Each structure stands twice: as C-alpha cells, then as structure tokens.
Amino acid sequence: MPKTTASQSQQIRESLANGLKAAAANGHTITLWILCIPSSMDGPAAQWWDGWKKRQEKAHGLVIELWDETKLMKKLLSPEGDQVRRAYYEPFTAPAAPAQEQIRLVLDVEEDRAAALDSALFVRQMTEAGHVELDSAKRQFFNADLVAREVAHKGVPAEVAALSSADATLHGVWEMQFNECSAEGTLAALHGRVWREVRGEHDKLPKVLRLEVTHSWGLVHRLVDNRRAGWVTHWRQIASGHADD
C-alpha cells in the first residue's frame, strides 16, 4: 500500500503456483484465476504483470484476471455490492486525511531493454535527424511509457483524460515548432526548440499524472513512436515504412 510494485511479483507467482498445486492434488482443474489486490500497480509492476499473465494463461490453459483497487471499488459501489459495502466498510469510514502528493520516480533502463529500443521508431526518427547520443531519449521514452501503461491499466477516467490532455498539449507544441522550422528552413533545430517549449509547458500539464520533466519529454517520444510526429521533413514516409518490432 498504496501501490503494488514489482517487489510483490514473487508473492503473485507463488499464489498461482500454490493454487495450481492444490487443484492438481485434489483432482480439480482451474479455468479462471483472479488476483485481488487492495491497491493499483505502478508502471513497472503493470508492465511485468501484462507479460507474466499472458505467459501463464498460455502455459496452463486458463484465464487470469486482475481485481485491483479500481475494480474492487467499482464492485463495492455497484447496486449488487451495496449490502457488502454498507455492512463491512461504511461503519468504519474515518474522515479522509489530506492527500499527500507522491513523487513519481524516474527509473533507469536496463541494458537489454535499452538495446531492444534500438529498433523503435522514435530512435529511427532521431537517427534520421542526425542525433548520435540516444541514451537519455530511451530513458525518457521508457519512463513515459510506464506512466501510460499504468494509466491504461488502472482505467481511472480522470487519469485517462489527463493523459489525453497532456498528449494533445505536447502534440500542439511539436506541431507549432515543426511548422515554424519548416517555414524558416531550420529543421535541424526542431528537436532543441521542442524540448525548450516542453520544459516551459511542463508545469501546466495535469497534476494528477505527477509527471517529472523526463516524463514530459518522454511523452513527445511516444508521439513520435505512435506515428504522430517526427524530427525530419519526411517523417511520415519513415513512419509508414517502419516495421514494428
């Protein structure tokens, strides 16, 4: 609490393994396994969960679901959960304490993950623009992608809307600078100009996302990787011919 992190992954593995072992010992077959956690997964945990879930479903021929904080709250607030909520939760509800904003960490990229990003479209676009050093760009993209995964995984409408708003703002920053650089014939300066503008816009992005500047820059790389922006005149041509790994 208040987050499920990758440090809990071993507990989750053991929980499924124990369930499968008990079922086999008693002649049963598990077709559906649900993990219930009283919190939401952070970005690294959500990334691990997505891959582990698919592998276990394939290996054991079952369906795996996640009931996290958001899912459980929806169930408790539904008409079907009304009696459960009133009986077990509302009698013990205390006044909410002022929320303390948590700092979102900026994580390092593991070597194998950094190497895998060499084939990413945003890296290709930067290479086409003449950029040589790309380590910080990979780290920015990696951390922004974790934020996007966490938001999608939790599915909280306010956070989903906030991420969409941030994307729209940063896309507008890129587009304005791209058009100006194209008209001036200074496209080589596009990347630096966008970065300075993003730093200026950072404090205006939705606070609910708890973004550091690294995340904001990384969201621009995600726009490029999603074929919505680029760093050279023929960026659309590069994007259309790029094979996703």
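Which nonpolar residues form a patch on the surface, and with about how much accessible area together? Val84, Tyr88 and Tyr89 do, with about 350 Å² together. Patch residues have over 30% relative accessible area and no salt bridge; like charges are joined within 9 Å, and nonpolar side chains (Val, Leu, Ile, Met, Phe, Trp, Tyr) within 5 Å. Accessible areas come from the Shrake-Rupley method with a 1.4 Å probe, and for residues only the protein chains shown count as cover.

## Model and conventions

This is a predicted model: local features need pLDDT of at least 70, side-chain atom pairs count only at pLDDT 80 or more, and totals for chains, interfaces and linings use all residues. Residues are numbered from 1 along each chain as its sequence is written, and side-chain values use heavy atoms, with hydrogens and water left out.

## Overall build

The protein chain has 11 helices and four strands. Both are DSSP runs numbered from the N terminus: helices are H or I with at least four residues, strands are E with at least two. The C-alpha trace spans about 70 × 45 × 30 Å along its principal axes.

Of the 245 residues in the protein chain, 40% are buried. Buried means under 20% relative accessible area, exposed means over 50%, and partly exposed lies in between (1.4 Å probe, protein chains only). The chain exposes about 14,300 Å², and carbon and sulfur atoms supply 53% of that. Take the contacts between residues at least 6 apart in sequence: 72% of them join residues at least 24 apart. A contact means heavy atoms within 4.5 Å.

## The loop between α4 and α5

This loop runs between α4 (82-88) and α5 (111-116), and Val106 is found in it. Tyr89, one of the patch residues, also has its place in this loop. Tyr89 is partly exposed, at 46% relative accessible area. Val106 is partly exposed too, at 29%.

Set aside neighbours within four places in sequence, and Val106 contacts Arg139, Asn143, Glu212, Thr214 and His215. Val106 and Arg139 are 33 residues apart along the chain, and their C-alpha atoms are separated by 8.5 Å. Asn143 sits in helix α7 (residues 135-154). Asn143 is buried, at 2% relative accessibility. With the neighbours within four places again left out, Asn143 touches Leu105, Val106, Leu107 and His215.

## Salt bridges

A salt bridge is a side-chain nitrogen of Lys or Arg within 4 Å of a carboxyl oxygen of Asp or Glu. By this rule there are 13. One of them joins the side chains of Arg104 and Glu150 (3.2 Å, N to O). Arg104 lies in the loop between α4 and α5 and Glu150 in α7, so the pair ties together parts 46 residues apart in sequence. Both residues, Arg104 and Glu150, are buried.

Asp108 forms a salt bridge with Arg139, with the closest N and O atoms 2.9 Å apart. Asp108 lies in the loop between α4 and α5 and Arg139 in α7, so this pair ties together parts 31 residues apart in sequence. Asp108 is exposed, at 58% relative accessible area. Arg139 is partly exposed, at 31%. Glu184 and Arg193 also meet through their side chains (2.9 Å, N to O). Here Glu184 is partly exposed, at 47%, while Arg193 is buried, at 19%. Asp50, Asp145, Arg149 and Arg222 are linked in a network of salt bridges.

## Helix packing

α7 packs with helix α8 (residues 157-184) at an angle of about 145 degrees, and their axes are 8 Å apart. From α7, Ala148, Val151 and Lys154 make the contact; from α8, Glu159, Val160 and Leu163 do. Axes are lines fitted to C-alpha atoms, for helices over the stretch in contact, and angles run from 0 to 180 degrees between N-to-C directions. The crossing of α7 and α8 is left-handed. That term applies if the near helix is turned anticlockwise from the far one by less than a right angle; clockwise is right-handed.

Helix α6 (residues 121-128) has Leu121, Phe122, Val123, Gln125 and Met126 buried. Its buried residues pack against α7, α9 (190-201), α10 (213-225) and α11 (235-241). Gly130 follows α6, with a positive phi near 95 degrees.
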